[in-house]
Amino acid sequence: MEIQFDLSELDGQEVSQEKLDLLRASMGIADTDDLAPRLTNLAHAGLIEYLEMLAGKGMPNRADEAKQDRLLYIIKKVFSPRLPSEDDISIMFQLTTTQSKTLLRNTLSRYRTKLHEELHQTLEEIYRSAEASGEGYDVTILSDVFVEHLNLIVAKEGAGYNPIRKRSVGSRKYFIASDTHTALGNYFGN
């Protein structure tokens with residue numbers, strides 16, 4: 001069964017170019033041609049959420065659970081094979097960075113098996129993007145939740161490794177000690 005939407009008229013009103021431009025900006029889409037596929041994926045995520053509700057799962061009892069369900073479906077349909085950053089979640093859900101961090105952390109905890117591949121892919125991409133510096137490796141990490149998960153991996157690899165740490169307060173730049181980078185390489189099969 002094929003289901004289609006027409007954005008030329010939404011809720012009985014024509015969707016203005018201004019609103020479409022706002023949607024593009026809030027979704028981080030530079031090219032106008034990329035809006036329709038992204039909205040299709042987002043609509044697909046919403047439809048899955050409604051079908052789950054109607055087919056017997058019901059509505060979550062708490063608003064936090066509803067947000068976690070929605071984020072799960074959006075990750076699977078819009079962001080997969082990676083996870084969104086806290087900034088991405090803040091823009092989509094109109095939340096503060098702190099609220100987005102909590103939502104991402106709780107969603108990953110609640111759906112750890114369903115989001116295992118996306119988490120692994122995201123963390124491996126971060127590891128592989130690290131660049132050698134004089135004393136170790138520098139890397140940009142867009143989410144504190146990703147840092148937490150990388151540090152959990154490091155802790156499981158063995159005692160004595162230095163945790164990944166920020167280069168400076170308020171920055172997204174992190175430092176990975178050489179031995180810690182090697183431990184991550186062992187985990188990711190480098």
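How many helices and strands are there in the protein chain? The protein chain has 8 helices and 6 strands; helices are DSSP runs of H or I with at least four residues, strands are runs of E with at least two, and both are numbered from the N terminus. This is a predicted model: local features need pLDDT of at least 70, side-chain atom pairs count only at pLDDT 80 or more, and totals for chains, interfaces and linings use all residues. Residues are numbered from 1 along each chain as its sequence is written, and side-chain values use heavy atoms, with hydrogens and water left out.

**Overall layout**

- From the N terminus on, the order of elements is β-β-α-α-α-α-α-α-β-β-α-β-β-α.
- Along the principal axes, the C-alpha atoms fill a box of roughly 60 × 40 × 30 Å.
- Of the 190 residues in the protein chain, 34% are buried (under 20% relative accessible area; exposed is over 50%, partly exposed in between; 1.4 Å probe, protein chains only).
- Take the contacts (heavy atoms within 4.5 Å) between residues at least 6 apart in sequence: 58% of them join residues at least 24 apart.

**Nonpolar cores**

- A nonpolar core is a set of buried Ala, Val, Leu, Ile, Met, Phe, Trp, Tyr and Cys residues joined through side-chain atoms within 4.5 Å.
- The largest core holds 35 residues, and L123, I141, L150, I164 and L184 touch the most other members.
- At least two residues of this core come from each of α3 (63–79), α4 (86–93), α5 (97–110), α6 (116–129), α7 (144–157) and β6 (173–177).
- Helix α3 gives the largest share, 7 residues.
- Another core lies apart from this one; it has 6 residues, including V15, M27, I29 and L39.

- Two packed helices are described by the angle between their axes and the distance between the axes.
- Axes are lines fitted to C-alpha atoms, for helices over the stretch in contact, and angles run from 0 to 180 degrees between N-to-C directions.
- Helices α3 and α4 pack at about 115°, and their axes are 12 Å apart.
- That makes α3 roughly perpendicular to α4 (65 to 115 degrees; under 35 is roughly parallel, over 145 roughly antiparallel, the rest oblique).
- On the α3 side, K67, R70, L71, I74 and F79 take part; they meet D88, I89, M92 and F93 of α4.
- By class, this contact of α3 with α4 has 6 nonpolar, no polar and 3 charged residues. Ala, Val, Leu, Ile, Met, Phe, Trp, Tyr, Cys and Pro count as nonpolar, Asp, Glu, Lys and Arg as charged, and the others, Gly among them, as polar.

**Helix α3 against α5**

- The axes of α3 and α5 come within 9 Å and cross at roughly 75°.
- The two helices are therefore roughly perpendicular to each other.
- From α3, the contact uses E65, K67, Q68, D69, L71 and L72; from α5, it uses L103, L104, N106, T107 and R110.
- These residues divide into 4 nonpolar, 3 polar and 4 charged.
- D69 sits in helix α3 and is buried, with a relative accessible area of 5%.
- Not counting residues up to four places away in sequence, D69 touches K57, P60, R110 and Y111.

**Helix α8**

- Helix α8 (residues 178–187) has T180, H181, A183, L184 and G185 as its buried residues.
- These buried residues pack against α6, β4 (136–140), α7 and β6.
- Leaving aside neighbours within four places in sequence, L184 is in contact with Y127, L150, I153, V154, I164 and I176.
- After α8 comes G189, with a positive phi near 75°.
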